[in-house]
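Thank you all for coming; I would like to take a few minutes to walk through one model with you. Please have the sequence and the coordinates open while I talk.

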Amino acid sequence: MISSSRTTLSNGLLFCIALAAGASASAAPRLVCQLAQGGTATRIEVAPTSDPYTVATRQINHFRFKAVVVGDAGGVEYVKLYTYYETARGGAEEGGDKLRLVHQAKYVAPALQHDNGPGLTGTVYVYEPRLGREFSYDCALREVAA
């Protein structure tokens with residue numbers, strides 16, 4: 001009788017461990033950001049990459065935002081966030097609009113946020129230096145089902 005109870009308990013424990021392993025294997029870290037500028041708001045999700053140089057910027061009105069998440073499904077090594085402002089300097093003969101870096105942030109080995117509390121960055125406000133245009137972002141590192 002005792003042997004059969006131990007076997008049942010042991011099988012139940014193994015089932016729970018397998019279930020938990022399966023759940024975590026199907027989820028992956030994603031940087032989820034809310035971007036806002038001049039009445040325009042957008043939400044983006046960024047997956048980890050091993051090549052930060054291939055990540056494109058996202059345009060929102062006069063600003064561009066680049067979120068680089070380096071890592072893999074097992075974890076994130078670092079997150080780098082860049083905010084650029086498009087200046088009107090330089091005509092078409094000079095390559096059109098120019099980008100000027102106005103803000104950069106780096107988070108090394110960030111932890112996943114499992115609740116709806118404050119995210120990785122909190123709300124960050126960035127201002128264009130000449131006209132004072134405001135851009136804001138709020139990013140959280142979440143585990144999203146793959």
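Let me begin with an open sheet of 4 strands, in which the order is β3-β4-β5-β6 and the pairing is antiparallel. At its edges stand β3 (58–60) and β6 (98–108), each of which has a single partner strand, so one side of each is left without a neighbour in the sheet. On average, and with direction ignored, neighbouring strands of this sheet are turned by 20° against each other, where axes are lines fitted to C-alpha atoms, for helices over the stretch in contact, and angles run from 0 to 180 degrees between N-to-C directions.

Before I go further, this is a predicted model, in which local features need pLDDT of at least 70 and side-chain atom pairs count only at pLDDT 80 or more, while totals for chains, interfaces and linings use all residues. Residues are numbered from 1 along each chain as its sequence is written, and side-chain values use heavy atoms, with hydrogens and water left out.

Strands here are DSSP runs (E, at least two residues), numbered from the N terminus, and two of them pair if DSSP finds at least two bridges between them. Strand β5 (residues 75–87) pairs with β6 in the antiparallel sense over 10 bridges, and Y82 has Q104 in β6 as its bridge partner.

Which cysteines does the disulfide join? The structure holds 1 disulfide (a pair of cysteine sulfur atoms within 2.5 Å), and C33 is joined to C139 with an S to S distance of 2.1 Å. This pair links distant parts of the chain, with C33 in strand β1 and C139 in strand β8, 106 residues apart. The link is right-handed, with 110° about the S-S bond. C33 is buried (under 20% relative accessible area, with exposed over 50% and partly exposed in between, for a 1.4 Å probe and protein chains only), its own value being 0%, and C139 is likewise buried, at 0%.
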